[in-house]
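Visitor: Could you walk me through a few local features of this one? I'll jump around a bit.

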Amino acid sequence: MTAGIRNRRPYCTCVVVQNYGYDEAAAKLKIKRRWLEDNVSRIPHQKFGANSAVFCDCELRLIQAMCTVPPAPAEEEAPPTEAERITAVMTLRSIKPSGSRRSTEAVV
């Protein structure tokens with residue numbers, strides 16, 4: 001492999017290049033072939049003449065990294081301020097029991 005070609009694919013660390021067609025690449029990524037076909041202009045691949053695109057293991061790793069969604073950072077809830085605590089206590093104190101459901105008059 002010449003240095004010029006290697007510079008165009010600096011991500012490739014394959015010692016022996018094993019190229020996969022759409023079907024094999026989709027199976028290795030556990031996705032549908034159609035997704036690869038629809039997104040081929042945005043993802044790393046190799047193209048030889050009029051043949052369809054092919055993918056090596058390094059390109060499949062890049063595709064997987066591009067599509068990895070990291071978890072959202074957990075938002076730490078700040079402890080309540082003194083004013084919020086006082087308001088909560090006052091709100092609880094203002095709660096009064098409802099009146100009895102039975103009539104207070106004696107039934108004879």
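Visitor: Is Lys30 buried or exposed?

Guide: Lys30 counts as exposed because its relative accessibility is 74%, where exposed means over 50% relative accessible area, buried under 20% and partly exposed in between, with a 1.4 Å probe and protein chains only. Bear in mind that this is a predicted model, in which local features need pLDDT of at least 70 and side-chain atom pairs count only at pLDDT 80 or more, while totals for chains, interfaces and linings use all residues. Residues are numbered from 1 along each chain as its sequence is written, and side-chain values use heavy atoms, with hydrogens and water left out.

Visitor: And where does Lys30 lie?

Guide: Lys30 lies in the loop between helix 2 (22-29) and helix 3 (33-39), helices being DSSP runs of H or I with at least four residues, numbered from the N terminus. Although Lys30 is not a glycine, it has a positive phi of about 60 degrees.

Visitor: Switching topic, how many disulfides are there?

Guide: A search of the whole structure finds 0 disulfides, taking a disulfide as a pair of cysteine sulfur atoms within 2.5 Å. Cys56 is in no disulfide, and its nearest cysteine sulfur, that of Cys14, is 4.0 Å away. Cys58 is in no disulfide either, with the sulfur of Cys14 as the nearest cysteine sulfur, 3.3 Å away.

Visitor: Are those two buried or exposed?

Guide: Cys56 is buried, with a relative accessible area of 0%, and Cys58 is buried as well, at 2%.

Visitor: What about aromatic pairs, how many does the structure hold?

Guide: The structure holds 1 aromatic pair, where rings of Phe, Tyr and Trp (its six-membered ring) pair if their centres lie within 6.5 Å, and planes under 30 degrees apart count as stacked, over 60 as edge-to-face and the rest as tilted. Tyr22 and Phe55 form this pair, which is edge-to-face, at 5.8 Å centre to centre and 65 degrees between the planes.

Visitor: Which parts does that pair tie together?

Guide: Tyr22 lies in helix 2 and Phe55 in the loop between helix 3 and helix 4 (57-66), so the pair links parts that are 33 residues apart in sequence. Tyr22 is buried at 11% relative accessible area, and Phe55 is buried at 0%.

Visitor: Which element gives the largest share of the largest nonpolar core?

Guide: That core has 12 residues, among them Tyr22, Ala26, Leu36, Phe55 and Ile63, a nonpolar core being a set of buried Ala, Val, Leu, Ile, Met, Phe, Trp, Tyr and Cys residues joined through side-chain atoms within 4.5 Å. The largest share of this core, 4 residues, comes from helix 2.

Methods
Helix = DSSP H or I, 4+ residues; strand = E, 2+ residues; numbered from the N terminus.
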